[in-house]
Amino acid sequence: MPLPAIQAEGLTKTYKDSDPPAVAGLDFTQPAGSTWALLGGNGAGKSTTIAMLLGLLIPSGGRVVVLGHDMARDRFAALARMNFSSPYVALPHRLTVRENLMVYAHLYTVPKAQERIAELAERLQLTAFLDRPAGQLSAGQKTRVAIAKSLINRPELLLLDEPTASLDPDTGDWVRSLLEDYRAESGAAILLASHNMAEVERLAGHVLMLKGGRIVDQGSPNDLIARYGREDLEQVGWLGLIRAAELFDPRQAVPFSAYARRHIRGSILHYLRDRAPLVRPSRRMQEQRHQRQRLLQSLASQLGGAASPEDLQRAL
């Protein structure tokens, strides 16, 4: 039986003794070859968890084993077999795309590096700007280059932080298909952190729902949908992260804490960015207003009458 891709035992990170932990005692074991997701709002602990899995942050407590290697004692053996992608981590702007990929190919001692770069350039449609400085790329192009960088060494474990951020819906869907194909071809495990409920529902076989650095629920997308009596993971995310994660503050006229209001506002913005249809500019604002109103009505219904759409609008 293959070793698990990731074993986290009591994983904890506290930045200051006086502050609550960013990650508080996470326990999970991700099997080899599986796709799991960390789902949660801003500040839930997703990026901190990934940073500890990569060995970029030293845990305040607990233990991480990746591909059979204890990250506290033998992380370089694991790092050679894994990789990471985030659109929020910039590549050197003065180097061309080809030069950036070559640097990482040498770091990972990739055999036949030029052939591997050409293969990824064709697969990710980078050929047209392969010799352009990275600083001159659009946001979507940078995201595709970041994905290429993360696949350069054919990793057995791929950690992804918001992998389709900055991409239009069609390109985002294409990248998701590419990631599914890579996992099927290679047998690699994938752990992704995302706000995008539809992305998580499509890619992940198991979801860890985080709030305040803790796992508040977990299961397959279908299990979570059935448990909450919802139609899709989008609705489970609203209900699980707002109601079940106890973001209410009944002392306020509008029963949401400041954190909840930020989370709702951020979720709406992410929804509009990732899910709103592509429409002509003259219609885009009207379409987004309609999308926002439907979201507020749906959320009000899920909250069981605790707040009306108008209450939610004022809270935001």
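This is a predicted model: local features need pLDDT of at least 70, side-chain atom pairs count only at pLDDT 80 or more; totals for chains, interfaces and linings use all residues.
Trainee: Why is I50 called buried?
Mentor: Buried means under 20% relative accessible area. I50 has 2% relative accessibility, so I50 counts as buried.

Trainee: Where is I50 found, and what does I50 touch?
Mentor: I50 is found in helix α1, residues 46-53. Leaving aside residues up to four places away in sequence, I50 touches L38, F84, L159, L160, D161 and A193. As for L38, it lies 12 residues from I50 in sequence and 9.4 Å from I50 in space, C-alpha to C-alpha.

Trainee: Is D217 buried or exposed, and how do you know?
Mentor: The cut-off for buried is under 20% relative accessible area. D217 has 14%, so D217 is buried. D217 belongs to strand β10, residues 214-219. Among the residues that D217 touches are V207, L224 and R227.

Trainee: What makes α3 and α5 roughly parallel?
Mentor: Angles under 35 degrees count as roughly parallel. The axes of α3 (residues 97-107) and α5 (residues 139-151) cross at roughly 25°, and α3 and α5 are therefore roughly parallel to each other. Their axes come within 9 Å, and α3 passes α5 in a right-handed crossing.

Trainee: Which residues meet there, and how many of them are nonpolar, polar or charged?
Mentor: V97, L101 and Y104 in α3 meet V145, A148 and K149 in α5. By class, this contact of α3 with α5 has 5 nonpolar, no polar and 1 charged residues. Lys counts as charged, and K149 is one of the residues of α5 in the contact.

Key: Residues are numbered from 1 along each chain as its sequence is written. Side-chain values use heavy atoms; hydrogens and water are left out. Helices (H or I, at least four residues) and strands (E, at least two) are DSSP runs, numbered from the N terminus. Buried means under 20% relative accessible area, exposed over 50%, partly exposed in between (1.4 Å probe, protein chains only). Contact means heavy atoms within 4.5 Å. Axes are lines fitted to C-alpha atoms, for helices over the stretch in contact, and angles run from 0 to 180 degrees between N-to-C directions. Angles under 35 degrees count as roughly parallel, over 145 as roughly antiparallel, 65 to 115 as roughly perpendicular and the rest as oblique. A crossing is left-handed if the near helix is turned anticlockwise from the far one by less than a right angle, and right-handed if clockwise.
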